[in-house]
Amino acid sequence: MNKIYPYRRNIYYYETDKMGVVHHSNYIRIFEEARMDFMRQTGMSFEKIESMGLYIPILSVECNYKKPLVFNDEFLVYSEITDFNGVRLSIEYSIISQEKGVCVTGKSVQCFTDTNMKPVRIRKKFPEIYDTISEYVGYRITV
């Protein structure tokens, strides 16, 4: 099992709105960046999974806003796989600023499909993916 690190970056100017805070839609993009980074760190990057003929489309996403981030704020995203059954994958996120604390929390639910968007049970057909992701269910990122 690889040690997983939080996703880190700063807020870009284009992500802010007229009020000078991050537009709410950009947090969903940040979740995606963090999800891609998390999966890459496990050894199961999206590129690797897609090269096997699988997609991982989003089924649902939720976002809870606590404190706004502004241009150039540095933040960390802590991601955790909270549920995985071989078809569906749930990931929870916490976006944390050192100065402001928890700014945003959220969750996404994805599923594994073939290239025709038909759900795939990966346990038997893709055991490497299943075993790797299963290892990280409940894995808590620590700094």
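Biologist: In this predicted model, buried means under 20% relative accessible area. Are Phe84 and Phe112 buried or exposed?

Modeller: The cut-off for buried is under 20% relative accessible area. Phe84 falls in that class, and Phe112 does too. For both residues the answer is buried.

Biologist: What kind of aromatic pair do Phe84 and Phe112 form?

Modeller: A pair of aromatic rings is described by the distance of the centres and the angle of the planes. For Phe84 and Phe112 the centres lie 6.2 Å apart and the planes stand at 70 degrees. Planes over 60 degrees apart count as edge-to-face, so the pair of Phe84 and Phe112 is edge-to-face.

Biologist: How many residues apart are Phe84 and Phe112 in the chain?

Modeller: Phe84 sits in strand S3, while Phe112 lies in the loop between S5 and helix H3 (122-125). The pair therefore links distant parts of the chain. The separation is 28 residues.

Biologist: Why is the pair of Tyr136 and Tyr139 classed as it is?

Modeller: The ring centres of Tyr136 and Tyr139 are 5.5 Å apart. Their planes meet at 70 degrees, so the class is edge-to-face.

Biologist: Which residues form one aromatic cluster with Tyr139?

Modeller: Tyr139 is buried at a relative accessible area of 16%, and Tyr136 is buried at 1%. The cluster that holds these two tyrosines also takes in a phenylalanine.

Biologist: Which element gives the most residues to the largest nonpolar core?

Modeller: This core has 37 residues, and Ile95, Phe112, Ile122 and Ile129 touch the most other members. Elements that each supply at least two residues include strand S3 (74-84), helix H4 (127-135) and helix H1 (24-42). With six residues, the top contributor is H1.

Definitions and conventions: Residues are numbered from 1 along each chain as its sequence is written. This is a predicted model: local features need pLDDT of at least 70, side-chain atom pairs count only at pLDDT 80 or more; totals for chains, interfaces and linings use all residues. Side-chain values use heavy atoms; hydrogens and water are left out. A nonpolar core is a set of buried Ala, Val, Leu, Ile, Met, Phe, Trp, Tyr and Cys residues joined through side-chain atoms within 4.5 Å. Buried means under 20% relative accessible area, exposed over 50%, partly exposed in between (1.4 Å probe, protein chains only). Helices (H or I, at least four residues) and strands (E, at least two) are DSSP runs, numbered from the N terminus. Rings of Phe, Tyr and Trp (its six-membered ring) pair if their centres lie within 6.5 Å; planes under 30 degrees apart count as stacked, over 60 as edge-to-face and the rest as tilted.
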